[in-house]
Amino acid sequence: AQPSETLLLRMADHPDIDNRGDYLRYISQWRGVFSTDRLLILPYGDIRSDPIGFLRRVEEFIGAPPFDSYDLEGRVHETRKFLIPSSVTDRLRQRYAPQYAFLNSEFGAEFVARTR
């Protein structure tokens, strides 16, 4: 069943979402520990649009040989699809505007577009 708008708004305000999407804080912390050449930051959307390319970039970065037996069929942990009211997406867009501004300034608009 479709969750109510009230429930979706409450879920959008859950602190765990802020924690998972706090790129500004976490990328800065990782950069404080590791040099830039020791970090590989890839946009999540590349997993869907180019899974083999994504995996090859990770393999190359860590110095692993290409693995040829990945199972790329089907989805793992697929969630149910819901219609998200504009009140929820508007709230999230406003709340995460600083995160997107950070990602855009650090990695560029193309990278941000590929995060979806």
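Reply: The dialogue below takes up a few features in turn. Please keep in mind that this is a predicted model.

Me: Which residues make up the largest nonpolar core?

Reply: The general idea is that in soluble globular proteins, nonpolar side chains tend to be buried together. Here the largest nonpolar core has 5 residues in all: Ile27, Phe102, Leu103, Phe111 and Val112. At least two residues of this core come from helix 7 (97-107), and at least two from helix 8 (109-113).

Me: Is Val112 buried or exposed?

Reply: One reads this from the relative accessible area, and a residue counts as buried under 20%. Val112 has a relative accessible area of 9%, so Val112 is buried. Val112 lies in helix 8.

Me: Which residues does Val112 touch, not counting residues up to four places away in sequence?

Reply: With those residues set aside, Val112 touches Tyr100, Leu103 and Asn104. For Phe111, another member of the core, the contacts counted in this way are Ile41, Leu42, Pro43 and Leu103. Distance along the chain and distance in space should be read separately. Val112 and Pro43 are 69 residues apart in sequence, and their C-alpha atoms are 7.3 Å apart in space.

Me: Which residues of helix 7 are buried, and where do they lie around the axis?

Reply: The buried residues of helix 7 are Gln99, Phe102 and Leu103. They lie on the same side of helix 7, because they cover an arc of only 95° around the axis. Helix 3 and helix 8 are among the elements that cover these buried residues. After helix 7 comes Gly108, which has a positive phi, near 95°.

Me: At what angle do helix 3 and helix 7 pack?

Reply: For a pair of helices, one reads the angle and the separation of the axes. Helix 3 (residues 23-33) packs with helix 7 at an angle of about 40°, and the axes are 9 Å apart. This angle makes helix 3 oblique to helix 7. On the side of helix 3, the contact is made by Tyr23, Leu24, Ile27 and Arg31. Helix 7 contributes Pro98, Gln99, Phe102, Leu103, Glu106 and Phe107. Sorted by class, this contact has 7 nonpolar, 1 polar and 2 charged residues.

Me: Which residues are buried in helix 1, and which exposed residues does the face turned away from them carry?

Reply: Leu8, Leu9 and Ala12 are buried in helix 1. These residues cover an arc of only 100° around the axis, which means that they are on the same side of helix 1. The face turned away from the buried side carries the exposed residues Thr6 and Arg10. The buried residues of helix 1 pack against helix 2 (15-20) and helix 6 (86-95).

Me: Where is Asp13 found, and which residues does it touch?

Reply: Asp13 is in the loop between helix 1 and helix 2. Its relative accessible area is 38%, so Asp13 is partly exposed. Not counting residues up to four places away in sequence, Asp13 touches Arg91 and Arg95. Asp13 and Arg91 are 78 residues apart along the chain, and 8.8 Å separates their C-alpha atoms.

Me: Where is the place of Leu39, and how is Leu39 set in relation to Ile62?

Reply: Leu39 is in the loop between helix 3 and helix 4 (45-49). Leu39 touches Trp30, Arg31, Phe34 and Phe61, leaving out residues up to four places away in sequence. From Leu39 to Ile62 there are 23 residues in sequence and 9.9 Å in space, C-alpha to C-alpha. Ile62 itself is found in helix 5 (residues 51-62).

Me: Is Ile62 buried or exposed?

Reply: A residue counts as exposed when its relative accessible area is over 50%. Ile62 has a relative accessible area of 60%, so Ile62 is exposed.

Terms used
Residues numbered from 1 in each chain as written. Predicted model: local features only at pLDDT ≥ 70, side-chain atom pairs only at ≥ 80, totals over all residues. Heavy atoms only, no water. Core = buried A, V, L, I, M, F, W, Y, C linked by side-chain atoms within 4.5 Å. Buried < 20%, exposed > 50% of the residue type's maximum accessible area, 1.4 Å probe, protein only. Helix = DSSP H or I, 4+ residues; strand = E, 2+ residues; numbered from the N terminus. Contact = heavy atoms within 4.5 Å. Arc of directions from axis to C-beta. Axes fitted to C-alpha atoms, helices over the stretch in contact; angles between N-to-C directions. Parallel < 35°, antiparallel > 145°, perpendicular 65-115°, else oblique. Nonpolar A, V, L, I, M, F, W, Y, C, P; charged D, E, K, R; others polar.
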